[in-house]
Amino acid sequence: FGGRGMGAAYTFAHREGHLAGGRMYKPWIREHIGNFFENWIGFFYGNLPYNFSTSHNLLHHRLNAGKGDPFYMWDVDRTDFGDLMLYQWRIFVYMSGWSSLKEFRKQRDVKRMDEAYRTLRKGFVLYWGVAPGALAALLLATGSSLGSTLLFLFFIYLQPLCAMSFFIATLNVGFHGLIEFDENGKHIECIASSTIIDGHDDSFGEDDHMAHHYFGNVEHVDLPAHQATQHEVWAKHHATVFKELSIIELGIFMHLGMFEMLVDKHYVDYANDLDKEDLVALLTERAQRKEMDYEDYEFRYLPNL
């Protein structure tokens with residue numbers, strides 16, 4: 001179905017998930033169809049039904065990419081290919097629904113988490129059982145061979161899951177690839193979440209990902225006025241602010257360690273007190289910095305969380 005369609009499917013499923021309960025649509029659509037991209041179109045773009053309404057909201061946004069978030073990446077070097085493959089596997093498991101189900105199950109004594117567990121479990125059964133079973137039965141009943149049916153399921157149903165997991169992994173490296181701590185050891189928000197100004201592919205203001213995470217009441221039409229209030233903070237911390245590129249481009253440039261090019265063409269320095277070499281070194285250090293080791297996080301921290 002193509003990368004452009006995949007990006008659009010993600011964009012609208014993400015928007016529907018944030019406008020929980022079908023608030024994006026008129027009442028008759030909300031009641032009879034629900035979130036069309038998240039729960040219907042999503043089958044063919046590697047997205048479990050209810051994934052954004054549950055996992056994305058209650059894990060990623062509640063934890064802001066920190067420990068316990070299925071998108072957590074600050075235990076790997078975001079510029080190292082081997083480390084990125086470890087992160088890619090983490091995102092694939094998230095896209096399958098499995099890692100979020102485990103976390104929700106651990107927290108079932110909390111009312112909202114129990115509801116999320118039951119909702120996502122329904123989406124898991126629909127995605128991995130009902131939908132492929134129905135497609136296979138339909139194809140076989142209308143004369144397709146077993147081999148053709150399996151090929152169809154792989155290329156049309158399962159391959160988009162792999163594509164979407166690579167897409168979202170790259171997306172999140174762009175959104176959260178840099179990290180810095182304050183004097184109390186807390187994440188500095190305007191560094192841990194990126195902002196893109198005049199981006200090539202902004203949808204609903206998500207390019208200002210710092211506002212998306214920490215100022216959720218600011219609508220996309222109000223972002224210019226909001227951003228004007230942040231310039232002093234951005235200058236103080238040399239915030240993760242870029243201009244005139246897309247978030248996928250930013251993620252790829254971070255993957256490849258192309259920080260000199262980013263500083264030359266896209267980085268916005270509100271402090272204007274560092275030369276090019278210092279800015280390149282600063283961005284590189286933030287992209288390679290780890291909060292903890294992968295082995296400690298994956299095999300000790302998470303199992304005991």
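Which helix supplies the largest share of the nonpolar patch?

Modeller: Helix α8, residues 146-176, does: four residues of the nonpolar patch come from it. Bear in mind that this is a predicted model. The patch covers about 480 Å² of surface and is made by Trp128, Leu151, Phe154, Phe155 and Leu158. Trp128 lies in another element, helix α7, which runs over residues 111-141.

For a contrast, take Asp83 in helix α5, residues 81-96. Asp83 has a relative accessibility of 15%, so it counts as buried. Leaving aside residues up to four places away in sequence, Asp83 touches Val76, Asp77 and Lys290.

As for the setting, the protein chain has 16 helices and two strands. Its radius of gyration is 20 Å, close to the 19 Å that the globule rule gives for 305 residues, so the chain is as compact as a globular protein of that length. The C-alpha trace spans about 70 × 45 × 40 Å along its principal axes. Of the 305 residues, 50% count as buried. Among contacts with a separation of 6 or more, 65% join residues 24 or more positions apart. The chain exposes about 14,900 Å², and carbon and sulfur atoms supply 58% of that area.

Methods: Residues are numbered from 1 along each chain as its sequence is written. This is a predicted model: local features need pLDDT of at least 70, side-chain atom pairs count only at pLDDT 80 or more; totals for chains, interfaces and linings use all residues. Side-chain values use heavy atoms; hydrogens and water are left out. Buried means under 20% relative accessible area, exposed over 50%, partly exposed in between (1.4 Å probe, protein chains only). Contact means heavy atoms within 4.5 Å. Patches are made of residues with over 30% relative accessible area and no salt bridge: like charges are joined within 9 Å, nonpolar side chains (Val, Leu, Ile, Met, Phe, Trp, Tyr) within 5 Å. Accessible areas come from the Shrake-Rupley method with a 1.4 Å probe; for residues, only the protein chains shown count as cover. A salt bridge is a side-chain nitrogen of Lys or Arg within 4 Å of a carboxyl oxygen of Asp or Glu. The radius of gyration is taken over C-alpha atoms; the globule rule is 2.2 Å times the number of residues to the power 0.38.
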